[in-house]
Protein chains: 2
Amino acid sequence: MARIAIPIGEDFEDSEFQEPYDRLLKAGHSVVVIGLEPGATVRGKKGTATATIEQTAADLDPADFDALVIPGGYSPDHLRTDEDVVDFVRRFFESGKPVAAICHGPQLLIEADVVEGRELTSWPSIRTDLQNAGATWIDEEVVEDDNLITSRSPEDLDPFCEAILDRLPLKIGKPHRETIG
Amino acid sequence: MARIAIPIGEDFEDSEFQEPYDRLLKAGHSVVVIGLEPGATVRGKKGTATATIEQTAADLDPADFDALVIPGGYSPDHLRTDEDVVDFVRRFFESGKPVAAICHGPQLLIEADVVEGRELTSWPSIRTDLQNAGATWIDEEVVEDDNLITSRSPEDLDPFCEAILDRLPLKIGKPHRETIG
């Protein structure tokens with residue numbers, strides 16, 4: 001099983017957090033919810049989901065995780081001004097391990113300066129920002145470019161989650177730590 | 001007196017609409033609220049203000065307005081995917097008349113492709129997007145570059161509104177049409 005980091009902030013898109021979170025746990029993986037204030041509860045913009053922040057990015061080492069999943073909504077707009085979150089995302093991306101971002105999630109990838117030369121998709125409102133950052137924007141439900149997996153909206157969640165899970169084979173015999181720190 | 005267009009969408013920053021709107025009217029100017037659905041009421045993200053959409057951008061001619069004021073919050077993220085709004089903003093900007101944008105408002109200017117080579121400010125989360133679009137980002141309460149007036153957040157509203165009003169001398173004797181269309 002794998003350990004996945006999910007960075008989340010206020011006004012996240014409810015299902016874009018909840019569905020990957022639930023499906024990763026159901027598949028036997030562990031998830032650490034990263035945010036700005038440990039112990040804080042952040043709310044989805046639709047009011048149907050909440051998330052409790054477990055750790056700040058400053059307290060974590062990207063090397064301890066197997067994948068990074070970035071939900072959308074307005075959460076990435078809040079997180080991208082936090083240097084520790086952005087540094088974590090940059091270092092994780094550069095490790096070459098799977099990074100999945102949906103909807104506005106790629107805003108964090110712009111801030112981490114890792115999209116230049118990449119093929120990806122997103123919610124259409126940030127297409128121009130991604131193109132200005134050097135990415136090639138494609139209108140498909142899931143775009144995979146090397147370690148990067150991206151989708152457009154909650155309607156793409158099923159194939160988005162499938163693409164993430166496909167990168168996370170259950171590692172028989174590897175010890176599973178439930179929490180860090 | 002002048003006629004000012006204010007484009008607005010769901011989850012706008014309440015005070016960034018309400019304060020310029022109120023102060024422009026109080027100074028004797030007229031305001032037309034532009035949005036995606038005429039007659040619709042859109043809500044501020046803090047729940048303290050609402051705005052009723054009077055016209056769509058498709059129904060208006062930039063030549064009929066003297067200034068454009070773009071509030072922030074998540075409103076610009078919604079409006080930037082509407083081609084008519086973006087086209088209106090681009091044509092208005094190119095007219096050389098005053099364009100004022102605060103907080104996330106400059107996202108609409110990115111989409112209209114008018115910020116290259118300009119000095120401006122914004123909410124810090126979109127600084128990188130503005131720089132990638134070719135702008136020079138400055139951390140000041142009001143940045144004025146030719147026809148462009150920008151501010152960072154609700155805390156800058158007083159000098160932001162002053163800067164707008166300074167560009168709008170009351171034109172004695174000019175007929176004042178209350179509504180268009």
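Helices here are DSSP runs of H or I of at least four residues, and strands are runs of E of at least two, both numbered from the N terminus. Keep that in mind, and let's go.

This is a predicted model: local features need pLDDT of at least 70, side-chain atom pairs count only at pLDDT 80 or more, and totals for chains, interfaces and linings use all residues. Residues are numbered from 1 along each chain as its sequence is written, and chains are lettered from A and ligands numbered from 1 in the order in which they are written.

Start with helix α1 of chain A, residues 14-26. What span should its 13 residues have? The expected span is 1.5 Å times one less than the number of residues. That gives 18 Å, and the end C-alpha atoms are 18 Å apart, so the two agree.

Next, burial. A residue is buried if 20 or more other C-beta atoms lie within 10 Å of its own, exposed if 12 or fewer, and partly exposed in between, with C-beta atoms placed from the backbone. In α1(A), the buried residues are A:D14, A:S15, A:E16, A:F17, A:P20, A:Y21 and A:L24. What covers them? Strands β1 (3-7), β2 (30-34), β4 (50-52), β5 (67-70) and β6 (99-102) of chain A are included, and so is helix α6 (157-166). Just after α1(A), A:G28 takes a positive phi of about 95 degrees.

B:E16 lies in α1 (residues 14-26) of chain B. It has 30 C-beta neighbours inside 10 Å, so B:E16 counts as buried. Contact means C-beta atoms, placed from the backbone, within 7 Å. Leaving aside neighbours within four places in sequence, B:E16 is in contact with B:P71, B:G72, B:G73, B:I102, B:C103, B:P154 and B:L157. Take B:C103: 87 residues from B:E16 along the chain, yet the C-alpha atoms are separated by 8.4 Å.

Now helix α3 of chain A, residues 83-94. Its 12 residues should span 16 Å, and its end C-alpha atoms are 16 Å apart, which agrees. Buried here are A:V85, A:V86, A:F88, A:V89, A:F92 and A:F93. After α3(A) comes A:G96, with a positive phi near 85 degrees.

Two residues other than glycine also have a positive phi in chain B. B:D11 has a phi near 65 degrees. B:D11 sits in the loop between β1 (3-7) and α1 of chain B. With 18 C-beta neighbours inside 10 Å, B:D11 counts as partly exposed. B:D146 has a phi of about 55 degrees, in the loop between β9 (143-145) and β10 (148-151) of chain B. With 10 C-beta neighbours inside 10 Å, B:D146 counts as exposed.

Last, the two chains together. 12 residues of chain A are in contact with 12 residues of chain B. On the chain A side, the elements giving two or more residues are α4 (106-111) and α5 (127-132). The largest share, 3 residues, comes from α5(A).

How are the copies related? The same surface serves both copies: 100% of the contact residues of chain A recur in chain B.

Methods. Contact = placed C-beta atoms within 7 Å.
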